[in-house]
Amino acid sequence: MSEDNANNSRRRFLTGAVGVVGGVGAAYVAVPFLAYWNPSARTRAAGAPVEVDTSTLQPGQKVNLTWRGQPVWVIRRSEAALDALAANSDRLSDPSSAVASQQPAYAQNEHRSINPEFFVVVPICTHLGCIPSFMPQAGSLDTNWPGGFFCPCHGSRFDNAGRVYAGVPAPTNLQVPPHRVVDNGTIVVGEDPEAA
Ligand code: FES
């Protein structure tokens, strides 16, 4: 394969990897071309914060990134997705985020985030560690589906705040990592608000 072809293939792969992200400055997009802006691999592995530009993120879209070797999604929720959070509380195992290990104290609320519109989550199913499907639209899984995350491995369901439904294999809500929101729309994953 020529060098040009190899570069084109690599570009196509990277574009596909962030398909739902659109034009957002996602960490996965930026790393290969702008690596010199980021900390070294060793520093990232140690947990260096990752900045995400949310300025062009549309409702229902997400940005994929990696923090401390695990996937993190930054999601912009639509108004409909936020409205559905209250409606489903009585079907959830932990609607008020009582399990303290699953989110920082500042995300221990109905929307499980600092800014209700932006949800930051580690998309690892709390049953056996599969990556759930992101299905934010009501009705996209079945007619009663209000939108959220569906784990195809054993059928666990989570709402649009990563709160687990009662009666599914997953025992706890999806984990929310430390994060803070900067005035210009940047979200910093891996840093608490008081660290700013
Ligand atoms: S790993 Fe998700 S339901 Fe089992």
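These are my notebook entries on a predicted model of one protein chain.

**Entry 1: ground rules**

I number residues from 1 along the chain, as its sequence is written, and for side-chain values I use heavy atoms, with hydrogens and water left out. Since the model is predicted, local features need pLDDT of at least 70 and side-chain atom pairs count only at pLDDT 80 or more, while totals for chains, interfaces and linings use all residues.

**Entry 2: confidence**

I looked up pLDDT, the predictor's confidence in each residue, from 0 to 100. The chain's mean is 82, and 76% of its residues reach 70 or more. Over residues 1–38 the value is below 50, and this stretch has 37 contacts in the model beyond near neighbours in sequence. Contact here means heavy atoms within 4.5 Å. Where pLDDT is low, the predicted coordinates should not be read in detail.

**Entry 3: the layout**

I found four helices and nine strands. They are DSSP runs numbered from the N terminus: helices are H or I with at least four residues, strands are E with at least two. The order from the N terminus is α-α-α-β-β-β-α-β-β-β-β-β-β.

Next I checked burial: buried means under 20% relative accessible area, exposed over 50%, and partly exposed in between (1.4 Å probe, protein chains only). Of the chain's 196 residues, 39% count as buried. I also looked at contacts between residues at least 6 apart in sequence, and 54% of these join residues at least 24 apart.

**Entry 4: strands β3 and β4**

Which sense do β3 and β4 pair in? Antiparallel, over four bridges, with β3 covering residues 70–76. I count two strands as paired if DSSP finds at least two bridges between them. Opposite I75 I found F119 of β4.

Strand β4 (residues 118–121) is covered on both faces. F118 and V120 are buried on one side, F119 and V121 on the other.

**Entry 5: the cores**

I then looked for nonpolar cores, meaning sets of buried Ala, Val, Leu, Ile, Met, Phe, Trp, Tyr and Cys residues joined through side-chain atoms within 4.5 Å. The largest has 14 residues, and W73, I75, F119, V121, F149 and F158 have the most contacts inside it. Strands β3 and β4 each supply at least two residues of this core. Another core lies apart from it, with 13 residues, among them V52, L65, V74 and F118.

I went back to I75 and listed what it touches, not counting residues up to four places away in sequence. The list includes L57, Q61, F119, V121, F134 and F149.

**Entry 6: helix α4**

Which residues of α4 (residues 79–87) are buried? I get A81, A84 and L85. The face turned away from the buried side carries the exposed residues E79, A80, D83 and A87. What covers the buried residues of α4 includes β7 (157–159).

**Entry 7: salt bridges**

How many salt bridges does the structure hold? Four. The test is a side-chain nitrogen of Lys or Arg within 4 Å of a carboxyl oxygen of Asp or Glu.

- R76 pairs with E117, with the closest N and O atoms 2.7 Å apart. R76 sits in β3 and E117 in the loop between α4 and β4, 41 residues apart.
- D142 and R157 meet at 3.0 Å, N to O. D142 is in the loop between β5 (133–135) and β6 (148–150) and R157 is in β7, so the pair ties together parts 15 residues apart in sequence.
- R180 pairs with E191 at 2.5 Å between the closest N and O atoms. R180 is in β8 (residues 179–181) and E191 is in the segment after β9 (186–189), eleven residues apart.

Buried or exposed, I asked of R180? It is buried, with a relative accessible area of 17%. E117, at 25%, is partly exposed.

**Entry 8: around β9**

Strand β1 (residues 50–53) runs antiparallel to β9, joined by four bridges. The partner of D53 in β9 is T186. On its other pairing, β9 is joined to β8 by three bridges, also antiparallel, and H179 stands opposite V189. Strands β8 and β9 form a hairpin with four residues between them, and G185 in the turn has a positive phi of about 95 degrees.
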